[in-house]
Every structure is written in structure tokens, then in C-alpha cells.
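Here is a short note for a colleague who has not seen this structure before. Please read it with the model open.

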Amino acid sequence: MDRRRFAIRTYGCQMNVHDSEKVANLLHHAGLDAADEAEADVLVVNTCSIRDKAEQRLYTDLGLLRAWKAERPGRLVGVGGCVAQQQGDAILERFPQVDFVFGTHNLRFVPAMVAEAARGQRSARTEETRDLDRFDLPQRHPAYASPSPGRAFVTVMEGCDLYCTFCIVPQTRGREISRPADDIVAEAQTLADEGVCEITLLGQTVNAYGRHDLRRDRADRAGTVAFAELLRRLDRIPGLERIRYTSPHPIFFDAALVRAHGELEHLCPHVHLPLQSGSDAILERMRRRYDRESFLGIAQALRRARPDLTLTSDLIVGFPGESEADLQATLDTVEQAGFADSYSFKYSPRPGTKAAQEPGQIDPGVAQDRLERLQALQRRLTLAYHRSRVGERTEILIEGPSARARRGGPAQVAGRDPHQRVVNLAVRVAGDAPIPQPGERVPVEIVDATPHSLLGTQIPLRAVKTAAGSADEDLRNAVLSVSGPGSL
Ligand code: 5AD
């Protein structure tokens, strides 16, 4: 029999993206091959439930996947991620087209569940564990093709114990649990040996890493260290040029972590620092555990430690009871913090969270209007920030064709600078000039700024380092085929 082929559809945050990578790797180890959905025998939908809209995607998808299954007998559909964690068996009961359901702590059972499903046995596994088993995953299989050459995620902790009143995460990701530092360092070391030059440490509240162990005086036994110390150890790994982490919570920026931003050579000058609201009254009711002033204090301390630091944020408008004055406080704080960019959302009541039961739910039209005003302010700040970067020399890590090139625009590749901004780079597709490949680091000068990205030109005469093992996908052809020679 032919080898089975799998495809994974991913919604949601970077943790979900990384969970999909882990599932893909496990399926490779189980002898399956990756394929497009059109060719696949097994399709996994990795779901998100952070807002209602995200959750609804699953139900739309499952409707459409009936036809996908009917096209070829023996096809299997699996549902994982945050909706799966919450709904479990109910998904199997409601949707006969689903063959297996796995929660966020049960990735390692997916290959067995696929095998059972192939024998006609449907199953759901959503049990929450408090042990470290879930981090026990195999190394990258030789057939595993990284979707991001040169870059990799590394899980350092999972879960969240903070219970912000709007947030579903404690229910979908469970209690905080941190991996032993030695395991994290060993994984980062292996990735560096494989040619990865940028790692992003992941956790739902990533800088809460190890805090319970330290507080309860059991860090030695658990093998954890303070987050700043973990960064320090990773900073010493040869080959790792860029270290990032996401998403931190403002209350876990202690003096050591702030100092690390000034001292560690490879820690990137970017922090994603979710503010959520700039109104003290709303922050209190969100149970964020900081106020506007202390948030701005953290931002200032970070900038003092690292003057070129770029800050980005997450914001929610239309939280129950939010007044026009509250919104104004958010706009003021965003401006004062000088976020280079932010993700902003309309509050979405999540079943079972405290805020969903509160009075004063905001009219959707009012929330929409507030969102638009916030986003207009952010666009202005982003453009101003981008303009301030023109003339600067930096280095970008290439990701692939730029968004404009993919839409048939000019021949460009895109990469990220250390500040995590997108920098587009014009490439010559005629002649012999090599086109920078995904995973390569290229020195550039920033020559122009747009609301969404920066434009760079390659600085010649400097050796360009290549991440070993970077995909040899022919970017020249990719660029040519999307833009057509006419537009060069
Ligand atoms: N409604 C709207 N946005 C939310 N977020 C989390 N929960 C909700 C919700 N119920 C946003 C927060 C968080 C980001 C990942 O999603 O801004 O930081």
C-alpha cells in the first residue's frame, strides 16, 4: 500500500503554528509524508478559540470537509487545538465526518489516533496532564521540511495561571508548566547545529517561565531557572544570532529581564508587550494586574536598557463597560508607549470567562468605530516609526517572495530585521546575480518606508552568511512565476 499522506490546516497564534509543526514531525516519524490537501489522506485542522470568529472557522471548515472526504474513500479528518481541547467528544458526536480529536496536551498521541481511525475506531483525547511528558517529542525527522528555514520555535513553558477576565487560554491550555532549562538549551543547540540562526521562545506567558518553581523553592528539582538566566544560557550558543520570545506578560519583567535586554548580544531589540487597554478602570476589570503608569514604566525601563528597542502590542476595544473616556485613555497610552505596531481586536465574549457575564456589553457598532479609530492611530504611528528607520543599516533574515511579489507585483524578496519588521528587497531576476534564499541573512540599507513595511537595498561587498540546510527552493522561479517577466 502507498504511504499515507497528511496535511495540516492551522489557525491562531504561534503556539498553534508550532503545535502543527510538532504534529507534522510526529507523523513523519510514523511513516507518513507531507502533501497538499488535495493529495492528502489525512487532514488535521488545528483550531483556535481566542475569539468567536476563530472558533466559527472550524464549523465552516467541517461543513466543507464532508466533500473533501467523499472525494476519496479512506480519507480521515482530525481536529486539534483549542476548540478540540474544550469540546472534546462533543465534536465527534456532532460531526460524523470527524475521525479523531486531540487536545493541546495530547499531540504525541496523534500517530496512534490516526492508526486507530484508519481501522474505523474514532477517538477523542483531551485529558490535561501536569507532567512534562507532553514536551517529550522526537527531534526533527530528516523528511520534515521546515516552513521557515533558518528560524525555529522552541517551547519553554505552556499554560497560563493568570485568568484575565476576557481570556479563554487558561481553559484551553491549562496550568502553567515549565520545561527544564537543560532540555530547552539542548533543543536550541541541536537547532543551531542544523543551521537555525533565529529562535523564538514560546509560551502563553513566556516570561512566567519557572516562576512557580522559584517561588516554591523547587527550581533545582524541576530543572528550571529564572527566565533572564535561561536567555543568558541561550545567548552563549554558537550559531544562534537572534533570540526572541513571545508572548510575555508585563508583570513578569523583573530587573534581571530588563537588564538582559541591554546585555545579551543576541537578544533581539523587539518586545511584544500586550497592553490590552490604557484605562486603569478597564485594566482592573480585565484583571491585568498592572495600571497604565506601571506599564509605561516597564516600557521606559526596557528602552533605557536598550535604546533602539521596538515595542509592539495587543489591544482590546469594547470590553464590557468601556466608556469613551476609557477608549481615549487607550489611545493616549498607545501614543505614549510609541508602539511600532499592534494587533487590535473587538472584545469577543468567551463562554465560561468572567467578563462574558458582566453587564455593560458594548454595542458592536460602537466597538467597530473604536477599533477603527485605534487602528487609524496605529497606522500613523507605524508609518512614523518606519520613516524613522530610513537610512539605517541592518540585516534581514530572508523569508521568501514579498507579499507584493506574491500578488504579481515587482520582483522582491522579504525578510525580517532584528526588530521583527518586514523589509522588502528588490531582486534582479535577469542575469546571474544570486537571489537571496529563505534562511539567508542579508545586510541591507533601509531606503524607503510604507505603512506596512520597509524597503531595503542590499549592501554589497560584505559576506552574506547562509543558514546551512536552507531550502533550495528556486526563488528565482517563484518570483518569475508570480510576477511574470513583464513586470521586471
Ligand atoms: N476578545 C478579544 N480579544 C481577545 N484576546 C484574547 N481574548 C480576547 C477576547 N475574548 C486578544 C488579546 C490577546 C490576543 C492574543 O488576543 O489582545 O493578547
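How are H14 and H15 oriented to each other?

1. The two helices are roughly parallel to each other, H14 and H15 therefore being in the class for angles under 35 degrees. Over 145 degrees counts as roughly antiparallel, 65 to 115 as roughly perpendicular and the rest as oblique. The axes of H14 (residues 324-337) and H15 (residues 364-388) cross at roughly 15° and come within 10 Å. Axes are lines fitted to C-alpha atoms, for helices over the stretch in contact, and angles run from 0 to 180 degrees between N-to-C directions. Helices (H or I, at least four residues) and strands (E, at least two) are DSSP runs, numbered from the N terminus.

2. A word on the source. This is a predicted model, in which local features need pLDDT of at least 70 and side-chain atom pairs count only at pLDDT 80 or more, while totals for chains, interfaces and linings use all residues. Residues are numbered from 1 along each chain as its sequence is written, and side-chain values use heavy atoms, with hydrogens and water left out.

3. Back to H14 and H15. On the H14 side, the residues in contact (heavy atoms within 4.5 Å) include Leu 327, Leu 331 and Val 334. On the H15 side they include Arg 370, Arg 373 and Leu 377. By class, this contact has 6 nonpolar, 2 polar and 5 charged residues. Ala, Val, Leu, Ile, Met, Phe, Trp, Tyr, Cys and Pro count as nonpolar, Asp, Glu, Lys and Arg as charged, and the others, Gly among them, as polar.

4. H10 (residues 227-235) packs on H11 (residues 255-263) at about 25°, with the axes 8 Å apart. H10 and H11 are therefore roughly parallel to each other. H10 passes H11 in a left-handed crossing. Phe 227, Ala 228, Leu 231 and Arg 232 in H10 meet Ala 256, Leu 257, Ala 260 and Glu 263 in H11. That contact has 6 nonpolar, no polar and 2 charged residues.

5. H1 and H5 (residues 110-118) cross at roughly 60°, their axes coming within 9 Å. H1 and H5 are therefore oblique to each other. Val 23, Leu 26 and Leu 27 of H1 touch Val 110, Pro 111 and Val 114 of H5. By class, there are 6 nonpolar, no polar and no charged residues here.

6. Is Asp 19 buried or exposed? Asp 19 counts as buried, at 4% relative accessibility. Buried means under 20% relative accessible area, exposed over 50%, partly exposed in between (1.4 Å probe, protein chains only). Asp 19 is in H1 (residues 14-29). It touches Asn 46, Leu 107 and Arg 173, not counting residues up to four places away in sequence.

7. Check the backbone at three places. The peptide bond from Thr 246 to Ser 247 is cis, with omega near -15°. Ser 247 is in the loop between S11 (242-246) and H11. Tyr 163 is not a glycine, yet has a positive phi of about 55°. Gln 420 also has a positive phi, near 75°. Most residues other than glycine have a negative phi, and most peptide bonds are trans. Tyr 163 is partly exposed at 38%, and Gln 420 is partly exposed at 23%.

Notes:
Left-handed = near helix turned anticlockwise from the far one by under 90°.
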